[in-house]
Amino acid sequence: MEPIPLSDPYLNFIEPTFRKIKSEKISFLLYSLLAEESSVKYRSIATELLQTIAPSEKDSGRFDCVHPEWFDGHLELVDSTSCNFCAYSHYCTMGRDARERVEIIALENTVFPPRNALLKCFDFSDEADEHVPNDPFVGFSHSAGKSRRLYLIEFEKFNDKFPSENYFDTELQYAVGYDRCSSQPLWPIDQLFLEEYEKQNKISLIEFEEIPFTKLSRMKEIDSDLLDAVTLKNGWIVEEDPPDLRDEMHCFFQGIAEFIQSNEHFQGLRSKGWASMSPGVEHPYPIGGSGFMVMALRWMQLKPDDFRRLLVERFAGLHSNFDLTRISTRKQFSSKGSTKYLPRVPANVLVPFELSVNIPLELPAARIIDVHEYDGNEVLLLIDGLGLDFQEELRNELK
Amino acid sequence: MNSNKDVIFSILEGCVKPSTELIYCTESRYAAYPIPVGKSMVAVRPLSHLVSLPLQTRRRIHSPLYSDQARDYSADTPLQNMLKAAKNIIKNKFGEERSIRWMDRKYDQANSIVTSDGILGLFHGMHSLVKIDEDSNRAAFEIEAELQFDFFDGFHTIAKRSTKFGDDVEYLDQWQVDSQYEELFDRLKRLYELPHSSKLHTWTDLFLWTDQDYSTFPISLVTKAVHDAISSFGRLKPNRGIALMFITISPDGSKGIKETMASLEKISIQRCQGPARIIWAPGLNQRQSSSQHPISSVDEIIDSKMEKHALQRLESLGFRLPQLFSHEPNEMLHIGHQDATKDSFIVISSECWTGTWSGSLEIEGEHLMS
């Protein structure tokens, strides 16, 4: 598909004029240009050449040079004949379509819709401010208005590639990213936590032995309520479990929260851990809790391997038998050449005129910012990769 | 449509500040009218435009960043130009790689600030890129000030000025700029002087949907619903979207009453967020029914025939009720007197997702983490 320009045509076409010129001086200046190595002298000769070829007042088709700053001194009007002999004609933007364009790449064998359907996403012709680019991702992509690749993929295929598991029914508007390993949307608090966590992911888990799993001080009611809600929702605890398993789970998470709060490796999280957090905005949980407890829960949810290993340590020797299969299995992710944590990319969606199903506007890995109807059968997503090459990303399949 | 416009405008004029400008947008989803100085705007739109609200809002907020950009010249915005000038300074001190990383991160932050606080947020407030450090010399009646910029390694002074007490000096005027920071200062000033830098205005998008012409609804109900929606949702937010839907309960098959919503309208409802507000308006038929007790309070709606018919009607129109009412709605009753009709109505209003927020610790996280 031909690239799509991001602004309306704005071209100065030259009206060709055929004016006879014959002068030994012109020949001399042209030879001089060819031989000249100094840019300053080249500019001087170029100026003289243009002045020599300049049209007279009676010639038609005269106009202002579009780049007078390339020459010395004041320039008279020029015409197409002057431009043909101009020493800088190769660089001149006159009559050239230098608009920024986007190239659309179809992913996963997605079939392109008619070009007119895609052009709807770029139609901002009623926009009062003509300087804002005709880019459907203005305000959402740092590259909006600039030439780049956008990606087209069938809605279902995108959902298959970036599925979602095990997240609360919270509205996804505030989610900021997507974790390809755990197939979960990421929230602002996850981003803060993972930035610290990934810095030390080479540290042996032995250090986690420092986690104080002994009975700690009385847990805050707000944390207790949060723990009950999350552990039940995630299936880590079920209604039929004996009360002591619930208590041990509380003790476990209290230890993790205490570890994040006091361990020097997570020092960067301390100020955030004490800050108040909005449920459903900073994190996906519908009720609030202390920052450190939220981080503890998110850690175990996003890193089930850590959860499993720490639980084995925690419950070894205790009478409770925790069923480890309650923790979801971590997918093996080939990180070679691909990105583990994706930003939630902005997308436009094209829907058939007769849409039989209600498509969700908030996806785990994408936020749909605009919807267009078209004469086709498939629901299609037009994605801005926010700097990611989605062709490469999808080539590295999850194993 | 004009009569609808007149009806809605006359009602809106009674419930918004006199400094508010009203516009009626039926064609373009993206029309971004310049906001006159000191004014707020209310844009009345059809419900189908709601699908584009996040893009509409962010285009409008970000459009000043493109305003001095020649279309065929450069794709860089004044914000990018300013950050590039700072990046070049950082590059000289800390190397190219760090300067690029700094610029990427700062650009994310700056965009977030613009999204939530407008361009002035880059210059004032806790997340600003520049700050003024003042030291007053009372003996000399002077204020010595330093203009500082948040570089890679913290704030550094880029310009100084000395002013007398009582001098009326603009934020970026009369500075003696250190020669190495001249380009940066120049870029900062251009950014500061962009139009629409003020966040004093508010913009409200009001998305309306009716299943028949407005004239068939009691005017007292329409007035109450519009007033309630305008005063209930996000009054302090600089950008807000409100959906307002007028529905006839148990239509008798009269011509002109819609039987279902259009596809885009159904999708639009997903932009509704938070608790909806419901106004129940029992008609004369309902109130004078001999078969059941007339409804005179909200509590009497529960399990009533009116509620049953309303839910059936909403479902047949294509509303996805669990989604719309995922939060417990606030319910009210409207009993019309002078303009009561036989038919019963229900009006649903909800705040909508505009694609902006400022309540999060990380205001906007759409950048790559690894």
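Chain B contains ten helices and eleven strands, where helices (H or I, at least four residues) and strands (E, at least two) are DSSP runs numbered from the N terminus. The structure is a predicted model, in which local features need pLDDT of at least 70, side-chain atom pairs count only at pLDDT 80 or more, and totals for chains, interfaces and linings use all residues. Residues are numbered from 1 along each chain as its sequence is written, and chains are lettered from A and ligands numbered from 1 in the order in which they are written.

Of the 370 residues of chain B, 39% count as buried. A residue is termed buried if 20 or more other C-beta atoms lie within 10 Å of its own, exposed if 12 or fewer, and partly exposed in between, with C-beta atoms placed from the backbone. Among the contacts in chain B with a separation of 6 or more, 69% are between residues 24 or more positions apart; two residues are in contact if their C-beta atoms, placed from the backbone, lie within 7 Å.

Chain B is assigned domain 1 (2-60 + 201-352) and domain 2 (78-192), with bounds that come from an automatic or database domain assignment. The centres of domain 1 and domain 2 of chain B, taken over C-alpha atoms, are separated by 46 Å.

Helix H5 of chain B spans residues 182-192, and its buried residues include Leu184(B), Phe185(B), Leu188(B) and Leu191(B). These residues lie on the same side of H5(B), because they cover an arc of only 125° around the axis; the arc is that of the directions from the helix axis to the C-beta atoms. The packing partners of the buried residues of H5(B) are helix H3 (78-94), strand E3 (130-137), strand E4 (142-151), strand E5 (154-164) and strand E6 (176-177) of chain B.

The largest nonpolar core has 155 residues, and those with the most contacts inside it are Ala296(A), Leu381(A), Ile383(A), Leu244(B) and Ile346(B). A nonpolar core is a set of buried Ala, Val, Leu, Ile, Met, Phe, Trp, Tyr and Cys residues joined through C-beta atoms within 7 Å. Helix H10 (residues 291-302) of chain A gives the most to this core, with nine residues. Apart from neighbours within four places in sequence, Leu244(B) is in contact with Leu206(B), Phe207(B), Leu208(B), Ala225(B), Val226(B), Ala229(B) and Ser349(B). A second, separate core of eleven residues includes Ile53(A), Cys65(A), Phe71(A) and Val78(A).

Ile53(A) is also touched by Ile21(A), as are Ile26(A) and Thr81(A), not counting residues up to four places away in sequence. Ile21(A) is found in the loop between strand E1 (4-5) and helix H1 (24-35) of chain A. Ile21(A) is exposed, because 12 other C-beta atoms lie within 10 Å. Ile21(A) and Pro55(A) are 34 residues apart in sequence, with a C-alpha to C-alpha distance of 9.7 Å.

In chain A, three strands form an open antiparallel sheet in the order E5-E4-E6, where two strands pair if DSSP finds at least two bridges between them. Strand E5 (184-186) and strand E6 (341-343) of chain A are the edge strands, each pairing on one side only. Strand E4 (residues 177-179) of chain A pairs with E5(A) over three bridges, and Gly177(A) has Leu186(A) as its bridge partner in E5(A).

Glu378(A) is located in the loop between strand E9 (366-374) and strand E10 (380-383) of chain A. With 16 other C-beta atoms within 10 Å, Glu378(A) is partly exposed. Glu378(A) and Thr110(A) are 268 residues apart in sequence and 9.4 Å apart in space, C-alpha to C-alpha.
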